[in-house]
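User: I am new to this structure and would like to learn how its features are read, one at a time. Could you show me the general idea first and then the case at hand?

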Amino acid sequence: MLVLAFDTATPAVTAALHDGERVLAESTTIDARRHGELLVPTIERVLTESGAALRDVTAVVAGSGPGPYTGLRVGLMTAQGLATTLAVPAYGICTLDAVAYGSGLGEPFLAATDARRKEVFWARYQDMRTRLDGPFVDRPADVPVEGLPVVGAGAALYPDVLGSHDAPPYPYAGALAALAAERLAAGVPLDPPRPIYLRRPDAVVPGAPKRVTA
């Protein structure tokens with residue numbers, strides 16, 4: 001097994017390689033505006049650091065969101081393209097699942113990422129591996145925290161409302177790759193690399209021009 005995993009659903013452009021036992025290499029750059037520029041060099045970096053060749057990859061995994069439309073599609077389209085080129089399967093894993101897995105928590109909690117527009121994407125977990133509910137998008141004040149710890153960048157942005165927890169803020173690809181490798185080894189079916197959209201994209205097709213009358 002050699003799993004190449006990456007995520008572009010948050011400001012973290014992150015990639016990692018996992019051999020079924022451990023993370024061989026991982027690289028992350030925090031830049032919300034350059035997903036398209038940074039992802040391929042990041043993938044090349046982890047391949048070089050691990051000493052592996054792209055042809056050795058047996059599965060490609062991308063974070064499937066939720067996240068902003070433009071960044072999210074960079075990772076998913078790259079996953080589909082690489083999988084086709086390599087003739088290997090491509091999978092998608094909820095980005096919040098990677099945040100949750102990276103927390104290492106064994107108790108109930110919420111994971112939240114920045115959804116912009118003063119909102120957060122969030123989901124509820126039984127533990128780091130088990131999502132109970134979500135994902136959803138809400139204003140921080142409308143998230144039913146109910147005294148549970150909240151992990152992720154969403155909590156860091158709104159600590160007065162969501163509280164905070166000492167856990168990685170982003171879905172780092174090392175956690176995403178480890179979660180994917182664990183599920184694949186256990187025979188757990190993984191989803192195809194399709195985006196999780198919880199609202200419409202900002203860009204819309206312009207309507208017909210208005211008629212000008214004299």
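User: Does Y69 count as buried, partly exposed or exposed, and at what relative accessibility?

Analyst: This is a predicted model, in which local features need pLDDT of at least 70 and side-chain atom pairs count only at pLDDT 80 or more, while totals for chains, interfaces and linings use all residues. Residues are numbered from 1 along each chain as its sequence is written, and side-chain values use heavy atoms, with hydrogens and water left out. Buried means under 20% relative accessible area, exposed means over 50%, and partly exposed lies in between, with a 1.4 Å probe and protein chains only. Y69 has 36% relative accessibility, so it counts as partly exposed.

User: How many aromatic pairs are there, and how are the rings of Y69 and Y197 arranged?

Analyst: Rings of Phe, Tyr and Trp (its six-membered ring) pair if their centres lie within 6.5 Å; planes under 30 degrees apart count as stacked, over 60 as edge-to-face and the rest as tilted. By this rule the count comes to four aromatic pairs. In one of them, the ring centres of Y69 and Y197 are 5.3 Å apart and the planes stand at 40°, so this pair is tilted. The pair links distant parts of the chain, since Y69 is in helix α2 and Y197 in the segment after α6 (173-185), 128 residues apart. Y197, at 36% relative accessibility, also counts as partly exposed.

User: Which kind of pair do F109 and Y125 form?

Analyst: F109 and Y125 form a stacked aromatic pair, with 5.4 Å from centre to centre and 15° between the planes. F109 lies in strand β6 and Y125 in strand β7, so the pair ties together parts that are 16 residues apart in sequence. F109 is buried, with a relative accessible area of 0%, and Y125 is buried as well, with 1%.

User: How many helices and strands does the protein have?

Analyst: Helices (H or I, at least four residues) and strands (E, at least two) are DSSP runs, numbered from the N terminus. The protein has six helices and nine strands.

User: What is the phi of R116 and of K118?

Analyst: R116 has a positive phi of about 60° although it is not a glycine, and R116 is found in strand β6 (residues 109-116). K118 is likewise a residue other than glycine with a positive phi, near 60°, and K118 lies in the loop between β6 and β7 (119-127). R116 is partly exposed, with a relative accessible area of 43%, whereas K118 is exposed, at 62%.

User: What share of the residues of the protein counts as buried, and what are the spans of the C-alpha trace?

Analyst: Of the 214 residues, 49% count as buried. Along the principal axes of the protein, the C-alpha trace spans about 65 × 50 × 30 Å.
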